[in-house]
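Trainee: Let's go through this one together. I'll ask, you answer.

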Amino acid sequence: MIFNLGSINADHLYRLEHLPAPGETLAAQSYTLGLGGKGANQSVAIARSGAQVRHIGAVGADGRWMVERLEAAGVDCSHIAEVEGASGHAIITVDAAGENAIVIHAGANREIPLSHVKQALDGAGAGDALIMQNETGGQVEAARFAQEQGLFVIYSAAPFDAEATRAVLPHVSLLIVNEVEAAQLCSALGVTLGELEVENVLVTLGAKGAVWHDVARGHEIRVKGFPVDAVDTTGAGDTYAGYLVASLSEGLAVNDAMRVAAAAAALKVTRPGTADAIPTGAEVADFLAAQPRA
């Protein structure tokens, strides 16, 4: 089982000719409302890959439709709490080239009781995994508890915060960051990537692919991305992370898991939207079957 202590957001998506400059007002070309949040995106990616995922999170009364959407995607939602106040939400602007700028309000995502997290993880152990992001509270406590139970703990350190990452690192098995976040983290901690106190680090490189750093053994694995025409890059990193964790949990070697994740992310960026646009395992398999093997 893969557990996901993750955010659940309502995504308000506005398409624009270009991203607004400071002080600029733009008319949106279109508007859609969808399911998002880094946690929800990753849970949907894991579920659509065919793996089992149990989401640990919270919504307000206004977020019941999002829980229904997660359930429809195959996510176990038995440990999503309903709390007072508004659900998390995001304002997403996407330009004609597919680049985005996002504003997030955490809402219920910061109100997940630690007792609720521990109850969800009760009985979990070796062979199970916990993935987290930086859009909820309680990451350090959850990671420590999961580590004590023998889970493989993955921390997708976005939105990036150096101090939050520093605090959770001692309890993490795999850290996932993009190349900018990796540089910021190393600068903040005054170390090189190979000196981080974590067993493994995956650095995503956008369209160029990703690099897996086995810090403990001092070697790396590079897997290129797949060239596609991007329509919307929102959620691409979450799709990659979800498919990577799901593939690793199924016993794939690291390089094979990275290739599957790269294919899933490539397919995602060819479609508008976030969670609703994440491809299925069958779609990813068909995409890979059409690609030359390097």
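Trainee: Which residues does Ala-188 touch, not counting residues up to four places away in sequence?
Mentor: Ground rules first: the model is predicted, so to speak of local features we need pLDDT of at least 70, and of side-chain atom pairs pLDDT 80 or more, while totals for chains, interfaces and linings use all residues. Residues are numbered from 1 along each chain as its sequence is written, and side-chain values use heavy atoms, with hydrogens and water left out. Contact here means heavy atoms within 4.5 Å. Leaving out residues up to four places away, Ala-188 touches Ala-162 and Arg-166.

Trainee: How many residues apart in sequence are Ala-188 and Arg-166?
Mentor: Ala-188 sits in helix α6; helices are DSSP runs of H or I with at least four residues, strands are runs of E with at least two, and both are numbered from the N terminus. In space, C-alpha to C-alpha, Ala-188 and Arg-166 are 9.2 Å apart, and in sequence the gap is 22 residues.

Trainee: Is Ala-188 buried, partly exposed or exposed?
Mentor: Buried means under 20% relative accessible area, exposed means over 50%, and partly exposed is in between, with a 1.4 Å probe and protein chains only. Ala-188 has 37% relative accessibility, so it counts as partly exposed.

Trainee: And Leu-189, which class does that one fall in?
Mentor: Leu-189 is also found in α6, which covers residues 179-189. Beyond its neighbours up to four places away in sequence, it touches Arg-166, Leu-169 and Leu-196. Its relative accessibility is 22%, so Leu-189 counts as partly exposed.

Trainee: How far apart in space are Leu-189 and Ala-106, C-alpha to C-alpha?
Mentor: Along the sequence, 83 residues separate Leu-189 and Ala-106. In space, their C-alpha distance is 26 Å.

Trainee: Which residues is Phe-145 in contact with, leaving aside its neighbours within four places in sequence?
Mentor: Phe-145 has its place in helix α4, residues 139-148. Its C-alpha is 8.7 Å from that of His-171, which is 26 residues away along the chain. With the neighbours within four places set aside, Phe-145 is in contact with Lys-118 and Leu-121.

Trainee: Which two residues does the cis peptide bond join?
Mentor: Most peptide bonds are trans. Here Pro-159 lies in the loop between β9 (152-156) and α5 (162-168). With omega at about -5°, the cis bond joins Ala-158 and Pro-159.

Trainee: Now the strands. Which residue in β8 stands opposite Leu-5?
Mentor: In β1, residues 2-5, Ile-2 and Asn-4 point one way and Phe-3 and Leu-5 the other, and all are buried. Two strands pair if DSSP finds at least two bridges between them. β1 runs parallel to β4 (residues 53-59) with 4 bridges, and it also pairs in the parallel sense with β8 (residues 129-133) over 4 bridges. In β8, the residue opposite Leu-5 is Met-132.

Trainee: Why is β6 largely enclosed by the rest of the structure?
Mentor: Strand β6 covers residues 88-94 and pairs in the parallel sense with β2 (residues 9-15) over 7 bridges. Another 6 bridges join β6 to β7 (residues 100-105), which run antiparallel. β6 is largely enclosed because the number of its 7 residues that are buried is 5.

Trainee: Which residue in the hairpin of β6 and β7 takes a positive phi?
Mentor: Val-94 stands opposite Asn-100 in β7, and Ala-90 has Ile-104 as its bridge partner there. The hairpin has 5 residues between the strands, and the one with a positive phi, near 95°, is Gly-98.

Trainee: Stepping back, what is the radius of gyration of the protein chain?
Mentor: The chain holds 9 helices and 13 strands, and 53% of its 294 residues count as buried. The radius of gyration is taken over C-alpha atoms, and the globule rule is 2.2 Å times the number of residues to the power 0.38. A compact globule with 294 residues would be near 19 Å, so the chain agrees with its 18 Å.
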